[in-house]
Amino acid sequence: MIRNMSYDSADKACNSIGGILASIHNDEEAMFLASFSSFGSMYPNNPTTQYPKQVFIGLFDPFHNQVWTWKDGTPVNYTNWEPNQPDNGGGKGQYCGSIASTWTDSSDFYRAWRIGGWDDEYCDYPLDSICQKKASHTI
Ligand SMILES: [Ca+2]
């Protein structure tokens, strides 16, 4: 877990320790990573409880054309977007993927969100990020 960094900074920090931002290929992985996002930062423009906690994952939109790619180069063969996502911030430009966990908001919009669901998010938000490393075997 990398704390409170923009997407690009977190990506570099993850690479610097031999990892890559995490990819997700099934419900089990989504729920596993969502368990990390419960420790994540609150949404920066409302640091109370209105929004789900979110952490960045390896999903991103490199050409800003709504074609999503994993940082580790694995195929996007599973998606788990929240309702009405990805929304590109209503046209304001959201090119970095996040996963949601807990929230206590009462609005209809966010109440519909599911734990483990994805949202495209602003890349410069200082969220936490999940870095994955290949398991190393010891003898
Ligand atoms: Ca979004």
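**Figure 1. Burial and chain order in the predicted model.** Of the 139 residues of the chain, 35% are buried (20 or more other C-beta atoms within 10 Å of a residue's own; exposed means 12 or fewer, partly exposed in between, and C-beta atoms are placed from the backbone). The model is predicted: local features need pLDDT of at least 70, side-chain atom pairs count only at pLDDT 80 or more, and totals for chains, interfaces and linings use all residues. Residues are numbered from 1 along each chain as its sequence is written. The chain has 4 helices and 8 strands (DSSP runs numbered from the N terminus, H or I of at least four residues for helices and E of at least two for strands). From the N terminus, their order is β-α-β-α-β-β-α-β-α-β-β-β. Among contacts (C-beta atoms, placed from the backbone, within 7 Å) with a separation of 6 or more, 73% join residues 24 or more positions apart.

**Figure 2. Strand β3 and its pairing partners.** Strands are taken to pair if DSSP finds at least two bridges between them. With β5 (residues 96-100), β3 runs antiparallel through 4 bridges; here Phe-56 stands opposite Ser-98. With β7 (residues 127-129), β3 runs parallel through 2 bridges, and Phe-56 has Ser-129 as its bridge partner. A further 2 bridges join β3 to β4 (residues 69-70) in antiparallel fashion, with Phe-60 opposite Thr-69.

**Figure 3. Surroundings of Gly-58.** Gly-58 lies in strand β3 and counts as buried because it has 25 C-beta neighbours inside 10 Å. Beyond its neighbours within four places in sequence, Gly-58 contacts Ile-20, Leu-21, Ala-22, Ser-23, Trp-70, Lys-71 and Asp-72. Cys-131 is 73 residues from Gly-58 in sequence, with a C-alpha to C-alpha distance of 8.1 Å.

**Figure 4. The largest nonpolar core.** This core has 26 residues (a nonpolar core is a set of buried Ala, Val, Leu, Ile, Met, Phe, Trp, Tyr and Cys residues joined through C-beta atoms within 7 Å). Ala-10, Leu-21, Phe-56, Ile-57 and Ile-99 have the most contacts inside the core. Two or more residues each come from β1 (2-5), α1 (7-16), α2 (27-37), β3 and β5. The largest contribution is that of β3, with 5 residues.

**Figure 5. Contacts of Leu-21.** Neighbours within four places in sequence are left aside here. Leu-21 is in contact with Ala-10, Asp-11, Cys-14, Phe-56, Ile-57, Gly-58, Lys-71, Ser-129, Ile-130 and Cys-131.

Notes. Two residues are in contact if their C-beta atoms, placed from the backbone, lie within 7 Å.
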